[in-house]
Amino acid sequence: MARKASIIGGGVIGGGWAARFLLNGWDVSVFDPDPEAPRKVGEVIANARKALPALSDLPMPAEGKLSFASTITECVEGADYIQESVSERLDLKHRVFAQIQQVSKGVPIGSSTSGFKPSELQEGAADPSTIFVAHPFNPVYLLPLAEVVPSAKSDPALIERAKETLREIGMFPLHIRKEIDAHIADRFLEAVWREALWLVKDGIATTEEIDEAIRMGFGLRWGQMGLFETYRIAGGEAGMKHFMAQFGPCLTWPWTKLMDVPEFNDELVDLIAGQSDAQSGHHSIRELERIRDSNLIGFLRALKDRDWGAGRVLLEHDRRRQAAFFEPEGGLSAAAPLVMARPQVLPSWIDYNGHMTESRYLFVASECTDNFMRLIGADAAYIKGGHSYYTAETHIMHRGEAKLGDRLTGTLQVLMADEKRMHVFITLTRDQDGSTVATLEQMLLHVDMAAGRVCPAAPEVHARLQAVARAHATLPRPDAVGRHVGQRT
Ligand SMILES: NC(=O)C1=CN([C@@H]2O[C@H](COP(=O)(O)OP(=O)(O)OC[C@H]3O[C@@H](n4cnc5c(N)ncnc54)[C@H](O)[C@@H]3O)[C@@H](O)[C@H]2O)C=CC1
Ligand SMILES: C[N+](C)(C)CC(=O)CC(=O)[O-]
């Protein structure tokens, strides 16, 4: 049964949390007194549906159920996890926690607060031990970081449980050991923001020039290595010590305004807002969100290919989902083709004809056979031991068109298997209408990789493969089996 997340406050951040839980298979209930909240949350979720699945080639779990509650009591009933994302006012957050704790006992209550300490949030609470900070980053459905900040009154076991929940929905819970105003990340953002306000106020730079200074240079570095690793390299062969010796003295030079805050008056707000309108006003906010999401997907996939930084978190999330997904219903002896992949057609998969390029059909098919190999035990450890399956022959038939954003399902049927061979038939269908876009017939050979020769599979792999082959022997043989190019029909 799907678990339930309760989201209190359905603004920018509450909507992002709702999307992340929902698309990871949780049921989600949202409470927000704003009558516009369902529309706003719906729009965030619509963006997330386009973006989040594009981070992975694995199937998304079935979406959970979304509901809007009319009271906090109704919202948190039966919740396994509660996330508070109401406006940044301490009195309001206290009132919300009091209402939650009238009905909900022992359930983790994460707060999205950007700046309040957990001990401040817990003041006057019936049970302070369940309230903690889980500070996310916008867009919550794409960025993995959640700063998890407990206080001395927090229940350590409950915090660990909450961190596990965050990992399950693909996040990276960073445990902040000492509570402090604005945690870790917002202290940086505040410092950069303060300096930027000065630069605009003093007429040194426009909002656009400041954004160029970030996105053309150090912003790109930070996204993959952060601050210290980047500066270590900047110290040359002598590393961090040399870097500090060279640039330490400038900390006392007038490079920043440090704690000075510009007067936050209407003049400054109008100046910044006017420049921002001139810079980006030709895009709607929703358009900007989509541009941001598409860029983030590109970055994150690049990091994933390199098993680095946030990309490593995505790979770990894939591994968890893989373990859960590829245990077929009915086990290996189910008499039905096995669902082995559910990819989404990404922008880079589209060719000059406006549809999925041909190499991607083979790519998706090889996702299917890779997952099938894992299922029968020819997994990474088996391959490391020196044995694997190699594809000897493939025949692809293109029977329809897959377009940008289409969700595809790849099923695999075993036609014949013996100790050295498996003959399989893969069907790729479009989820929205069930139509077949391609079929692929393949022969794979079991090889001794060091010898470069075909050899019998290990008995346990052979036994699992045979279990599937026996079950699939009862299935009708697809018409396309054995077809070749130029054949008369
Ligand atoms: N916007 C951002 O970039 C980030 C914000 N945060 C934090 O997330 C929290 C929410 O911020 P945003 O989503 O940006 O604000 P927002 O203004 O977009 O949304 C706040 C929502 O809370 C609702 N609300 C007010 N009283 C309520 C109540 N009694 N019960 C339920 N809902 C209620 C409002 O109707 C509104 O929809 C804040 O604590 C903020 O510091 C955290 C990370 C980033
Ligand atoms: C501006 N802010 C303090 C609300 C920002 C955050 O808390 C995190 C973010 O997403 O930038």
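**Group meeting: notes on a predicted model**

I'll start with residues 184–248, whose end C-alpha atoms lie 22 Å apart. That span is 80% helix and 0% strand. An unreviewed UniProt entry places the feature "domain: 3-hydroxyacyl-CoA dehydrogenase C-terminal" on these residues. Keep in mind that this is a predicted model.

Next, the loop between strand 8 and helix 7, where helix 7 covers 185–201. Ala182 has a positive phi of about 65° without being a glycine, and His183, not a glycine either, has a positive phi of about 55°. As background, most residues other than glycine have a negative phi, and most peptide bonds are trans. Are these two residues buried or exposed? Ala182 has a relative accessible area of 17%, so it counts as buried. His183 is buried as well, at 1%.

On the backbone again, the peptide bond from Asn138 to Pro139 is cis, with omega near 5°. Pro139 sits in the loop between strand 6 (131–135) and strand 7 (145–149).

Now the surface. Phe172, Leu174, Ile184 and Phe188 make a nonpolar patch of about 350 Å². Of these, Leu174 belongs to strand 8, residues 172–175, and is partly exposed because its relative accessibility is 30%.

Last, helix 1, residues 12–23. Its 12 residues reach 17 Å from first C-alpha to last, close to the 16 Å expected. Since 10 of the 12 are buried, helix 1 is largely enclosed by the rest of the structure. The buried residues include Gly14, Gly15, Gly16, Trp17 and Arg20. After helix 1 comes Gly25, with a positive phi near 95°.

How values were computed: Residues are numbered from 1 along each chain as its sequence is written. Chains are lettered from A and ligands numbered from 1 in the order in which they are written. This is a predicted model: local features need pLDDT of at least 70, side-chain atom pairs count only at pLDDT 80 or more; totals for chains, interfaces and linings use all residues. Side-chain values use heavy atoms; hydrogens and water are left out. Helices (H or I, at least four residues) and strands (E, at least two) are DSSP runs, numbered from the N terminus. The expected span of a helix is 1.5 Å times one less than its number of residues. Buried means under 20% relative accessible area, exposed over 50%, partly exposed in between (1.4 Å probe, protein chains only). Patches are made of residues with over 30% relative accessible area and no salt bridge: like charges are joined within 9 Å, nonpolar side chains (Val, Leu, Ile, Met, Phe, Trp, Tyr) within 5 Å. Accessible areas come from the Shrake-Rupley method with a 1.4 Å probe; for residues, only the protein chains shown count as cover. A salt bridge is a side-chain nitrogen of Lys or Arg within 4 Å of a carboxyl oxygen of Asp or Glu. UniProt positions are given in the numbering used here, feature names are shortened, and annotations may be inferred rather than shown by experiment.
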